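Visitor: I am new to this structure and would like to go through it. Could you guide me?

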Amino acid sequence: MAQTARREPVLPDEDEAPSLDPLAIERAYVRERRRRRARTERRSAARRSHVRFWVTILVLAFVTALLIVASWHRVQTMFGV
């Protein structure tokens, strides 16, 4: 049965090494920095949204408790209990 031929990796000579575009490297660095900054911003935004949610729930619970107490007091004075 036939076997596939093994290929030796072709390494470029030092004289023929591809030249690296400094502008492309700088753009890649900038892109990675932006991705990292966006990732950390998403994490902190998610954390802030959790805090906002719980603060809103606590404020609503407090307002509800005040309304219940005020209503109960009003009912007691109205019916003379």
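Guide: Let us begin with a definition: patches are made of residues with over 30% relative accessible area and no salt bridge, and like charges are joined within 9 Å. Please keep in mind that this is a predicted model.

Visitor: Which residues gather in a patch of positive charge on the surface?

Guide: The residues of that positive patch are Arg33, Arg34, Arg36, Arg37, Arg39, Arg42, Arg43 and Arg47.

Visitor: Take Arg34. Where is Arg34 found?

Guide: Arg34 is part of helix H1, which covers residues 22–79.

Visitor: And why does Arg34 count as exposed?

Guide: Its relative accessibility is 57%, and exposed means over 50%.

Visitor: Now the aromatic rings. How many aromatic pairs are there?

Guide: The count is one aromatic pair. It joins Phe53 and Trp54, whose ring centres are 5.1 Å apart.

Visitor: Why is that pair edge-to-face?

Guide: The planes of the two rings stand at 75°, and planes over 60 degrees apart count as edge-to-face.

Visitor: Which residues form the nonpolar patch on the surface?

Guide: That patch consists of Val51, Val55, Val59, Phe62, Val63, Leu66 and Leu67. Together they have about 650 Å² of accessible area.

Visitor: What about Val63: where is it found?

Guide: Val63 lies in helix H1. With 40% relative accessibility, Val63 counts as partly exposed.

Conventions. Residues numbered from 1 in each chain as written. Predicted model: local features only at pLDDT ≥ 70, side-chain atom pairs only at ≥ 80, totals over all residues. Heavy atoms only, no water. Patch = residues over 30% accessible without salt bridge, like charges linked within 9 Å, V, L, I, M, F, W, Y side chains within 5 Å. Areas by Shrake-Rupley, 256 points an atom, 1.4 Å probe, with all protein chains shown as cover. Salt bridge = Lys/Arg side-chain N within 4 Å of Asp/Glu carboxyl O. Lys, Arg positive; Asp, Glu negative; His and termini not counted. Charge placed at Lys NZ, Arg CZ, Asp CG, Glu CD. Helix = DSSP H or I, 4+ residues; strand = E, 2+ residues; numbered from the N terminus. Buried < 20%, exposed > 50% of the residue type's maximum accessible area, 1.4 Å probe, protein only. Phe/Tyr/Trp six-rings, centres within 6.5 Å; stacked < 30°, edge-to-face > 60°.
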